[in-house]
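Please look over the model below before reading on. The report then goes through some of its local features.

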Amino acid sequence: MSSDKKILLLDEPFSQLDPNLRIEMLELIKKIREKKKITIIMAIHTPAEAIDFVIEKFKIEHNFKVLEIGSGLGGPARYLAKKTGARVTAVELQQDHNDAAVYLTKRCCLDSNVEHICGDFLNLEFPKNHFNIVVSWLALYHIPNRKKLLQKCINLLKPNGYFFG
């Protein structure tokens, strides 16, 4: 752990903690951030922690429309939808991954909140200003045309929307 007056850097602060203690520690870190007025950077390596961070940071709620780029088997999309009630559009390039995601989402009874789409994100059409937040956990590294990718994300976001990648 490294700290100075402006930044607190935490490397996997919750990796060995049980889920209840993780929640308590996250609340404690929030209080420290607010009291000390510092920026906190956390290296997070478990998907649930990263998604929980995004949910909290951007205050994702049931009325949000979320776009996930590179959704794989759909775990993060399902987790986000289950935890918040948000509507998640999950885009995956690989057909076999998308098919498995659709199956698993139906098995979890979350198909009313999660829509899986198979295709190349850069070639798919979505309404402009449609999503409250666009997220991607690692897939952005695999899309070489970053300028087109970022411009498309910006166009899809509602005013005051968020991009997390």
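This is a predicted model: local features need pLDDT of at least 70, side-chain atom pairs count only at pLDDT 80 or more; totals for chains, interfaces and linings use all residues.

Residues are numbered from 1 along each chain as its sequence is written, and side-chain values use heavy atoms, with hydrogens and water left out.

Helices (H or I, at least four residues) and strands (E, at least two) are DSSP runs, numbered from the N terminus. The table lists three elements that make a right-handed β-α-β unit.

| Element | Residues |
|---|---|
| Strand 2 | residues 7-11 |
| Helix 1 | residues 19-36 |
| Strand 3 | residues 39-43 |

Right-handed means that, with the strands pointing away from the viewer, the path from the first strand over the helix to the second runs clockwise. Strands 2 and 3 run parallel and are joined by five bridges; two strands pair if DSSP finds at least two bridges between them. Leu10 has Met42 in strand 3 as its bridge partner. Buried means under 20% relative accessible area (1.4 Å probe, protein chains only).

In helix 3 (residues 75-84), the buried residues are Ala77, Arg78, Leu80, Ala81 and Thr84. They fall within an arc of 165° seen down the helix axis, so they line one face of helix 3. The arc is that of the directions from the helix axis to the C-beta atoms. Gly85, with a positive phi near 80°, follows helix 3.

Asn98 lies in helix 4 (residues 95-107) and is buried, with a relative accessible area of 5%.

Conventions:
Buried means under 20% relative accessible area, exposed over 50%, partly exposed in between (1.4 Å probe, protein chains only).
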